[in-house]
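Here is a short briefing to read alongside your model. Have the sequence and the 3D view open as you go.

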Amino acid sequence: WTIAHPIMVYLPGVTRVSRKIQMSPAAYVKALWPAASSCLVMAAAVLLVRTNLPAATLPVRLAAEVLAGAVLYAACIALFHRARILSFVAVIKGARG
């Protein structure tokens with residue numbers, strides 16, 4: 001199920017969405033790559049904290065997982081996808097006038 005669901009649902013969805021917004025599927029996936037790659041890094045960080053703090057109390061472990069995930073997501077975006085962030089900032093500044 002975990003393998004079939006993305007193939008059966010997300011791939012046709014990407015095709016439909018990309019047609020609707022008149023963008024190639026490759027360009028659509030490329031646009032999602034910064035968030036997707038940062039999510040993968042975040043998930044790895046959370047799993048790493050979870051495996052290294054099994055004896056910690058639940059609130060401590062939850063706080064550590066949230067902090068590690070948030071910091072590494074932001075770091076990944078800032079380090080590897082800086083141009084994308086700068087383009088968003090430019091759009092926002094341009095919209096403000």
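The buried residues of α2 are covered by elements including α1, α3 (58-80) and α4 (82-96). This is a predicted model, in which local features need pLDDT of at least 70, side-chain atom pairs count only at pLDDT 80 or more, and totals for chains, interfaces and linings use all residues. Residues are numbered from 1 along each chain as its sequence is written, and side-chain values use heavy atoms, leaving out hydrogens and water.

**Helix α2**
- Helices here are DSSP runs (H or I, at least four residues), numbered from the N terminus.
- With 28 residues, α2 reaches 39 Å from first C-alpha to last, close to the 40 Å expected at 1.5 Å a residue (1.5 Å times one less than the number of residues).
- A kink of about 50° lies at W33, shortly before the proline P34; the bend is the angle between axes fitted to the seven residues ending there and the seven starting there.
- Buried residues of α2 are Y28, P34, S37, S38, A45, V46 and V49 (buried means under 20% relative accessible area, 1.4 Å probe, protein chains only).

**A look at S38**
- S38 sits in helix α2 (residues 25-52) and has a relative accessible area of 0%.
- Leaving aside residues up to four places away in sequence, S38 touches Y73, C76, I77 and H81 (contact means heavy atoms within 4.5 Å).

Definitions and conventions. Helices (H or I, at least four residues) and strands (E, at least two) are DSSP runs, numbered from the N terminus. Buried means under 20% relative accessible area, exposed over 50%, partly exposed in between (1.4 Å probe, protein chains only).
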